[in-house]
Amino acid sequence: MLEPKATWLVAPPLHNSSCSHPRYAATVAAGWWTAPPSVVDAVQALFILMLSIGILAANVLLIFVINSRRYAKYIHAQPRYLLTSLACNDLAIGLLVTPFAFLPTLLHCWPYGEMICQIQALLRGALSQQSAVILICMAIDRYMCMLHPVSYHKHSSKKGCVAIMSLTWVTALTLFAVMVLPRRHGGFYFNGDGLHACEPFFPRPSLRILASCLFYFPTTMVLMYCYGSAFHVNKLRLKRVVCAAIAVPDPLGGSAVEKLVAQERRLSTAASRTMAAMSLSFIVMVTPWSIQEVVAACTGSKVPPFMDFLVTWVALSNSFWNPFLYWLLNTNFRRISKELLLTKLLCRRSAAATPRRTHCCSSLAQVPAVAGATLRAGGGDAEGISEKYWGEILERTVSSNSLQALQRIYGRSSAHDARLFPSPLCAAQMTEI
């Protein structure tokens, strides 16, 4: 007896969910003011709009700052390319995926046509998968940098990084194009409950489960292994360095090469921590959506609309949390982004960048007074002095007039001190006389 063949499901026709359908045409033609949306629909639409704006602004800022000259000394070329690629991917999500769900949330139908729905379903799948691939590349990059630094710096190159990123982009677009474009086995459909937009359609539940598992489990395993191994080895290496420093103290404070290696290791560790936080955010945001997809495909049940919307958009909000976490955990990025916003966007200059011109004779009297007042206010801690005052101190003390004045002052004071407090040898000669 032959077993029945597995049936292939067909994607729902888009015409039934289009705003041109007679079921929605009258309401759309009359205008939304005749039948205003409910409070839930308005809140969901507002959330989609604010999230889209946040994704666009945050990722544009990240791309602009990490590729600026001021930030070049705080990041290497390869991590910069990876972060730029991730930010461009998230920017595409905020520009080509999330904004198209605003009107369908209010109208409960698709107003843009079949071609745009097909393109958006392709981008929805490809961009989400590409985000996971870039995070995997970042984790492997940090793993090689911290565990095999010699091999990493020897074989890493800008062209290789750009080639790998381009290859992954083309692969993701090709894979989902094969899945979405043909309507016979697969295609796309309008998801009016969760995404409120178009997404790929899987003709069999097993393919839906396979796609969710391939998206979630390999990414999570690689991220946890790479960052866990990197931080564990870095911790052991730090213990060895501390023990060696205690056993063999260096009175000169270490050579220049050792200091350079230590600084390089600090930069690599700081970059790895920030990227690990971004990867952890991806795992936290995407886990509920992956579980929902697998459970819904296995049981064949329909997820409640509010739960579907919440889980789907929490996963999409990861495109906003990536640049936000980088801004939150990186002090240099916060400082430089603030400076660039003030100078480039608002056309203003900070007080430290435009020092006031003062008379050369009054500079020596003002600087110690300012420094002394700051030290007294900070309890005698020299680190409490702001960068503004330190910049004024360095600039004024380096000037030629200040140096000449210092020589005159210290020359007179030293002669006066020599007359009042002679050296022991001179005092002994005077006693013999």
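Let's start with the disulfides. A search of the whole structure turns up two of them. Keep in mind that this is a predicted model.

A disulfide is a covalent bond between the sulfur atoms of two cysteines.

Take Cys 19 and Cys 109. They form a disulfide, with sulfur atoms 2.0 Å apart. The pair links distant parts of the chain, 90 residues apart. Cys 19 sits in the segment before α1, residues 22-30. Cys 109 sits in the loop between α4, residues 102-107, and α5, residues 114-147. What is the handedness of this disulfide? The torsion about the S-S bond is about 90°, so the disulfide of Cys 19 and Cys 109 is right-handed. And burial? Cys 19 has a relative accessible area of 10%, and the cut-off for buried is under 20%, so Cys 19 is buried. Cys 109 is buried too, with a relative accessible area of 0%.

Now the other bond. Cys 117 is joined to Cys 198, S to S 1.8 Å. Cys 117 lies in helix α5 and Cys 198 in strand β2, residues 197-200. The pair therefore ties together parts that are 81 residues apart in sequence. Here the S-S torsion is about -110°, so the disulfide of Cys 117 and Cys 198 is left-handed. Both Cys 117 and Cys 198 are buried.

How does the pairing read along the chain? Number the bonded cysteines in sequence order, and the pairing is 1-2, 3-4.

Two further cysteines deserve a word. A disulfide needs sulfur atoms within 2.5 Å. Cys 137 counts as buried, at 19% relative accessibility. That value is under the 20% cut-off. Cys 88 counts as partly exposed, at 34%.

Most residues other than glycine have a negative phi. His 108 has a positive one, near 60°. His 196 also has a positive phi, near 60°. Where do they sit? His 108 is in the loop between α4 and α5. That loop also holds Cys 109 of the right-handed disulfide. His 196 is in the loop between β1, residues 188-191, and β2. Strand β2 is where Cys 198 lies. Are these histidines buried or exposed, or something in between? His 108 counts as partly exposed, at 40% relative accessibility. His 196 counts as buried, at 4%.

On to helix packing. Helix α2 covers residues 39-66, and helix α12 covers residues 331-345. Their axes come within 10 Å and cross at roughly 95°. Angles from 65 to 115 degrees count as roughly perpendicular, so α2 and α12 are roughly perpendicular to each other. Which residues make the contact? From α2, we have Leu 61, Leu 62, Phe 64, Val 65 and Ile 66. From α12, we have Phe 333, Ile 336, Ser 337, Leu 340, Leu 341 and Lys 344. By class, that contact has nine nonpolar residues, one polar and one charged.

Now helix α9, residues 256-299. At 4% relative accessibility, Thr 274 counts as buried. Which residues does Thr 274 contact, beyond its neighbours within four places in sequence? They are Tyr 326 and Leu 329. Ser 290 counts as buried, at 5%. Leaving out residues up to four places away in sequence, Ser 290 touches Phe 215 and Tyr 216. Ser 290 and Phe 215 are 75 residues apart in sequence, yet their C-alpha atoms are 8.3 Å apart in space.

Last stop, helix α10, residues 305-316. Does the length fit, or what span should we expect? At 1.5 Å a residue, the twelve residues should span 16 Å. The end C-alpha atoms of α10 are 16 Å apart, which agrees. The buried residues of α10 are Asp 308, Phe 309, Val 311, Thr 312, Trp 313, Ala 315 and Leu 316. For reading that list, recall the helix repeat. An α-helix has 3.6 residues a turn, so residues three or four places apart point the same way.

Methods:
Residues numbered from 1 in each chain as written. Predicted model: local features only at pLDDT ≥ 70, side-chain atom pairs only at ≥ 80, totals over all residues. Heavy atoms only, no water. Helix = DSSP H or I, 4+ residues; strand = E, 2+ residues; numbered from the N terminus. Buried < 20%, exposed > 50% of the residue type's maximum accessible area, 1.4 Å probe, protein only. Contact = heavy atoms within 4.5 Å. Axes fitted to C-alpha atoms, helices over the stretch in contact; angles between N-to-C directions. Parallel < 35°, antiparallel > 145°, perpendicular 65-115°, else oblique. Nonpolar A, V, L, I, M, F, W, Y, C, P; charged D, E, K, R; others polar. Expected span 1.5 Å × (residues − 1).
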